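Please look through the sequence and the coordinates below.

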Amino acid sequence: MQRPQSQHLADLLDEMAAEVPEREFVVFEGRRYTYAGFRARAQSVARALHACGVRNGSRVGLLMSNRPQWLEVSAGAHQLGATVAPLSTFYRAWDLEHVLRNARVEILVTLPSFRGNSYLDFLAEIGLDSFPELRQVVVVAPEAPEGMIT
């Protein structure tokens, strides 16, 4: 295998999936993801993000712990040419409000909660109406509250 030529994440993933499709890309909690399998999942996420209005230049916030889904959303957003704003899982409501306002996040992809922090409660506390750029909140969970999508 030669050194990858791509300098962008989406292109690098495409290149590696074509060259070594069955090689392991990520191993997480005993589950193995190949380059080809991961690329397919990232493309699926890209289609879902596109349906939410993500386009080249969009700003996507990721409020998730380190997990394969974080990588999938990041790769999917990069495939669309979006800018990804990783948000710390240690944020409290006031931190989240400050970052969402200053980063001008348009689409927020979040877990409902993590390590005792309820991000949905934080969002309710700070009020989504105070962020004119924020068009959509995507909750990575089996069920999302009314007004949010999964």
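**A loop residue and its surroundings**

Glu133 is found in the loop that runs between α5 (119-126) and β8 (136-139). Helices (H or I, at least four residues) and strands (E, at least two) are DSSP runs, numbered from the N terminus. The model is a predicted one, in which local features need pLDDT of at least 70 and side-chain atom pairs count only at pLDDT 80 or more, while totals for chains, interfaces and linings use all residues. Residues are numbered from 1 along each chain as its sequence is written, and side-chain values use heavy atoms, with hydrogens and water left out.

Leaving aside residues up to four places away in sequence, Glu133 touches Arg59, Arg104, Val105 and Glu106, where contact means heavy atoms within 4.5 Å. Arg101 is 32 residues from Glu133 along the chain, and their C-alpha atoms are separated by 8.5 Å.

Turn next to the hairpin. Strand β1 (residues 24-28) pairs with strand β2 (residues 31-34) in the antiparallel sense, over four bridges; pairing requires that DSSP finds at least two bridges between two strands. Val27 stands opposite Arg32 in β2. Two residues lie between the strands of this hairpin, and Glu29 takes a positive phi near 50° there.

Two helices come next. Two packed helices are described by the angle between their axes and the distance between the axes. For helix α1 (residues 9-19) and helix α2 (residues 35-51), the axes come within 8 Å and cross at roughly 140°. The axes are lines fitted to C-alpha atoms, for helices over the stretch in contact, and angles run from 0 to 180 degrees between N-to-C directions. The two helices are therefore oblique to each other, the class left after roughly parallel (under 35 degrees), roughly antiparallel (over 145) and roughly perpendicular (65 to 115). On the α1 side, Leu13, Asp14, Met16 and Ala17 meet Tyr35, Ala36, Phe38, Arg39, Ala42 and Gln43 in α2.

As a whole, the protein chain has five helices and eight strands, in the order α-β-β-α-β-α-β-α-β-β-β-α-β along the sequence. Of its 150 residues, 41% count as buried. Among contacts between residues at least 6 apart in sequence, 64% join residues at least 24 apart.

Note on methods: Buried means under 20% relative accessible area, exposed over 50%, partly exposed in between (1.4 Å probe, protein chains only).
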